[in-house]
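Visitor: I'd like to go through this structure with you, starting with its pockets and then moving on to a helix. Could you take me through it?

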Amino acid sequence: MNEFNKTLKSATMSLYYLAGIFVISGLISFFMNKDNADVLAIVLPNFILAILFLVLGSFSRKKTLACLVSGLSLYIIVQVLNAIADPVSIGRGIIMKIIIIGYLINGIKSAINIEKIKKENNIA
């Protein structure tokens, strides 16, 4: 049972870490673009993503795999939409994008392990 709780915490925390990354990214974007008239259009998506990842993190205790797959899908959709609107955005922040996708994939691996542990121990 200890392994289950540790794995569940790891998967859940990856969503919370990503919410923090989006908040920090939003704050950095705000201070870099505070003189820009469209500062809200630049910053608001980061804060919305942070809120969505916090919500996913809170639901992930019950539906871990679904929340992590939803988080990965949401992030990829946002990146594709950004690439359509501004093709140069694909290369911008590529290291951070790789880190975020890596966190989500690591969380999905943890969620798969959680599902295996649930089946082995008949946990609902």
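Visitor: Which element gives the most to the lining of the largest pocket?
Guide: In this predicted model, α1 gives the most to that lining, with seven residues. The elements that give two or more residues to the lining are α1 (2-32), α2 (39-59), α3 (64-85) and α4 (94-121).

Visitor: And what volume does the largest pocket have?
Guide: Its volume is about 850 Å³, and the pocket is lined by 25 residues, of which Ser25, Ser29, Asn46, Asn82 and Lys97 lie nearest its centre.

Visitor: How do the lining residues divide into nonpolar, polar and charged?
Guide: The lining of the largest pocket holds 14 nonpolar residues, eight polar ones and three charged ones.

Visitor: Switching to α2, which of its residues are buried?
Guide: The buried residues of α2 are Val39, Val43, Asn46, Leu49, Ala50, Phe53, Leu56 and Gly57. Seen down the helix axis, the buried residues of α2 fall within an arc of 160°, so they line one face of the helix. As background, an α-helix has 3.6 residues a turn, so residues three or four places apart point the same way.

Visitor: What covers that buried side, and what sits on the face turned away?
Guide: The cover over the buried residues of α2 includes α1, α3 and α4, while the face turned away from the buried side carries the exposed residues Leu40, Ala41, Ile51 and Phe59.

Visitor: How far apart are the end C-alpha atoms of α2?
Guide: They are 31 Å apart, which agrees with the 30 Å that the 21 residues of α2 should span at 1.5 Å a residue.

Methods
Residues numbered from 1 in each chain as written. Predicted model: local features only at pLDDT ≥ 70, side-chain atom pairs only at ≥ 80, totals over all residues. Heavy atoms only, no water. 1 Å grid on protein atoms, 1.4 Å probe; cavity = no way out; pocket = protein on both sides within 12 Å on 5 of 7 lines; lining within 4 Å. Points joined across faces, edges and corners; volume = space filled by probe spheres on them. Helix = DSSP H or I, 4+ residues; strand = E, 2+ residues; numbered from the N terminus. Nonpolar A, V, L, I, M, F, W, Y, C, P; charged D, E, K, R; others polar. Expected span 1.5 Å × (residues − 1). Buried < 20%, exposed > 50% of the residue type's maximum accessible area, 1.4 Å probe, protein only. Arc of directions from axis to C-beta. Contact = heavy atoms within 4.5 Å.
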